[in-house]
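Biologist: I would like to learn how to read a sheet in a model. Can you show me with an example?

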Amino acid sequence: MKILISACLLGLPCRYDGASKPQLWVEELARRHELIPMCPEQMGGLPTPRNPSERRGDRVVMRTGEDVTEQYRRGAACALRLYQLLGCKAAVLKERSPSCGCGAVYDGTFTGTLTAGDGVTAALLQAHGIRVLGESQVLELLAPDGEKP
């Protein structure tokens with residue numbers, strides 16, 4: 001099965017701070033599924049490294065106060081297009097990210113406080129009926145019935 005995945009989870013240095021968040025389960029997931037890496041922030045035109053951003057309601061703002069909502073929306077649209085074009089069946093996204101977070105994101109105060117909600121890309125994919133998992137849920141895809149979308 002083809003799975004769209006946040007590139008930072010594969011060890012690619014695309015996070016806001018120029019780092020990555022490589023996961024131990026990536027090699028096993030890659031053995032069982034075809035992984036399609038993407039970084040919505042980069043696809044939306046933001047540089048790496050960049051100032052950290054957080055969700056504030058429907059907007060995304062950098063710590064500097066700059067509104068980067070349009071870049072996040074553009075990146076989300078690119079991720080959706082990639083998903084559809086390549087025939088993916090699920091997406092594994094970086095939790096708590098203003099783009100990829102699923103279920104909880106930072107609240108826009110830059111204090112490390114989480115709030116219920118989704119990142120821009122996660123929300124768009126889910127609105128299109130796409131199965132979105134955070135990295136803590138990836139074991140579902142490694143289970144024998146993990147093929148089910």
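Modeller: We start with the sheet and then turn to a helix residue.
This is a predicted model, where local features need pLDDT of at least 70, side-chain atom pairs count only at pLDDT 80 or more, and totals for chains, interfaces and linings use all residues. Residues are numbered from 1 along each chain as its sequence is written, and side-chain values use heavy atoms, with hydrogens and water left out.

Biologist: In what order do the four strands form the open sheet?

Modeller: Strands are DSSP runs (E, at least two residues), as are helices (H or I, at least four), numbered from the N terminus. Two strands pair if DSSP finds at least two bridges between them. Here the order is β2-β1-β5-β8, with parallel pairing. β2 (34-38) and β8 (132-134) stand at the edges with a single partner strand each, so one side of each lacks a neighbour in the sheet.

Biologist: Which residues are the bridge partners of Ile5?

Modeller: Ile5 stands opposite Val92 in β5, and its bridge partner in β2 is Pro37. β1 and β2 share five bridges; β1 (residues 2-6) and β5 (residues 90-93) share three.

Biologist: How many residues of β1 are buried?

Modeller: Buried means under 20% relative accessible area, exposed over 50%, partly exposed in between (1.4 Å probe, protein chains only). Four of the five residues of β1 are buried, so β1 is largely enclosed by the rest of the structure.

Biologist: Where is Arg32 found?

Modeller: Arg32 is in helix α1 (residues 26-32). Arg32 is partly exposed, at 40% relative accessible area. Its C-alpha atom is separated by 41 Å from that of Glu66, 34 residues apart along the chain.
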